[in-house]
Amino acid sequence: MKKKALMTILLLCVAVAMTACGGNGDTAEVKEPMVTEENAEADTEASTVDEEAVESEQTEGESPENEKSFEEIEIGADGSVNGQEFPIIDEAVLREDKSDDYGVHSISSYDIDQYIDEDGNLKSDISSGESFYYEYSGRWAYPKITPCRFFGELTLTSRTDASSMYSSVDLETGATLSFNISSGKDVYNSSEYQIGYEFEDGQPNTYNRAFTIQTIDGEQDVISDYREIMLLEEEEEDENGEKLDTPEEVIHGFYSYYFTVGNFTVVLQPEVKTELTQEDVQLIADNIRLTNGMER
């Protein structure tokens with residue numbers, strides 16, 4: 001909460017500064033010859049009040065630990081953020097890592113290229129492998145994640161040959177974000193195929209081209225999908241542990257966004273009812289980068 005308060009204050013200050021230096025400047029110059037002494041005193045008093053309000057907000061937003069904004073976080077040469085591991089590695093990732101058994105420890109995202117067909121999909125003998133969804137063979141390295149506002153508390157929750165799965169927090173809003181990086185363009189190509197497809201059961205098709213972003217491959221379409229899922233609300237309990245109400249079925253809407261980075265597909269899944277803008281997805285894409293293992 002402290003981070004969110006601090007970010008709000010910083011954004012407010014920036015907005016005030018931009019307003020002062022922006023389009024209102026010309027109007028001020030036109031009116032300047034007609035400013036009276038009374039108006040000047042009123043302006044001075046208003047300015048003083050505004051400055052005191054900003055100082056008060058800044059004092060309230062500061063934490064005893066002199067908490068830093070995201071832009072001031074220190075990124076170590078080893079990829080750590082403020083001395084902490086980035087991303088955090090879940091125990092499941094260690095269990096799934098069978099690279100020692102295969103004797104392969106790739107450090108390059110480009111090693112996947114030899115397993116890709118002309119459409120960007122993984123070759124069938126790779127994607128149909130018995131352990132494809134359960135183990136990580138180490139034959140290719142997944143893209144590198146670099147810090148940005150959407151990758152707070154970033155945790156790598158699973159990694160197999162099929163995909164790497166992550167959970168994170170938007171440092172500006174506190175909203176959660178789940179995303180996975182799938183091997184090959186199979187998932188992206190499949191979502192693109194869904195656009196305009198008519199389902200036999202009459203269900204609406206919600207796949208569409210949301211907007212475009214720039215990646216290492218140039219400009220590309222970001223495909224979005226909207227799903228509604230019916231879930232049961234949690235039952236409330238009284239102080240004696242007795243159920244107060246019968247749980248109700250509630251429809252929740254979920255958005256998904258698809259794009260590619262090299263020969264990998266990225267699928268973003270923000271929390272319920274949360275949409276991402278073109279600027280949001282562009283920032284995320286800018287911080288998912290192919291690695292050759294030699295970056296410093």
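These notebook entries record what I looked up in a predicted model of one protein chain.

**Conventions**

I number residues from 1 along each chain as its sequence is written, and my side-chain values use heavy atoms, with hydrogens and water left out.

**Entry 1: the chain as a whole**

I began with the secondary structure, which comes to eight helices and 10 strands; helices (H or I, at least four residues) and strands (E, at least two) are DSSP runs, numbered from the N terminus. Of the 296 residues, 34% count as buried, where buried means under 20% relative accessible area, exposed means over 50%, and partly exposed lies in between (1.4 Å probe, protein chains only). I then looked at contacts, meaning heavy atoms within 4.5 Å: of those with a sequence separation of 6 or more, 59% are between residues 24 or more positions apart. The chain exposes about 18800 Å², and carbon and sulfur atoms supply 48% of that area; accessible areas come from the Shrake-Rupley method with a 1.4 Å probe, and for residues only the protein chains shown count as cover.

**Entry 2: salt bridges**

How many salt bridges does the rule give? I took a salt bridge as a side-chain nitrogen of Lys or Arg within 4 Å of a carboxyl oxygen of Asp or Glu, and the count comes to seven.

One of them joins Arg139 and Asp161, with the closest N and O atoms 3.0 Å apart. Arg139 lies in the loop between α6 (124-127) and β2 (144-145) and Asp161 in the loop between β3 (152-159) and β4 (163-169), so this pair ties together parts that are 22 residues apart in sequence. I noted that Arg139 is partly exposed at a relative accessible area of 22%, while Asp161 is buried at 2%.

Next I looked at Arg149 and Glu172, whose side chains meet in a salt bridge at 3.5 Å, N to O. Because Arg149 sits in the loop between β2 and β3 and Glu172 in the loop between β4 and β5 (176-183), the pair ties together parts 23 residues apart in sequence. Glu172 is partly exposed, at 27% relative accessible area. A network of salt bridges links Arg149, Asp170 and Glu172.

I also checked Glu192 and Arg209, which form a salt bridge with their closest N and O atoms 3.3 Å apart. Here helix α7 (residues 186-194) holds Glu192 and strand β6 (residues 208-215) holds Arg209, so parts that are 17 residues apart in sequence are tied together. Both ends are partly exposed, Glu192 at 30% and Arg209 at 43%.

**Entry 3: β5 and its partners**

Which strands pair with β5? Two strands pair if DSSP finds at least two bridges between them. By that rule β4 and β5 pair in the antiparallel sense over seven bridges, and β5 and strand β9 (residues 264-270) likewise pair in the antiparallel sense over seven bridges. I found Ser163 opposite Ser182 in β5, and Ser183 opposite Phe264 in β9. The hairpin of β4 and β5 has six residues between the strands, and in it Gly174 takes a positive phi near 85 degrees. Six of the eight residues of β5 are buried, so the strand is largely enclosed by the rest of the structure.

A polar atom of the Thr160 side chain lies 3.1 Å from the backbone nitrogen of Ala162. Not counting residues up to four places away in sequence, Thr160 touches several residues, among them Glu96, Phe132 and Tyr142.

I then turned to Lys185, in the loop between β5 and α7, which is partly exposed at 22%. The C-alpha atoms of Lys185 and Thr265 are separated by 5.3 Å, although the two residues are 80 residues apart along the chain. Leaving aside neighbours within four places in sequence, the contacts of Lys185 include Asp119, Asn121, Thr260 and Thr265.

Notes
Predicted model: local features only at pLDDT ≥ 70, side-chain atom pairs only at ≥ 80, totals over all residues. Polar contact = N/O pair within 3.5 Å; in protein donor to acceptor, adjacent residues only side chain to side chain.
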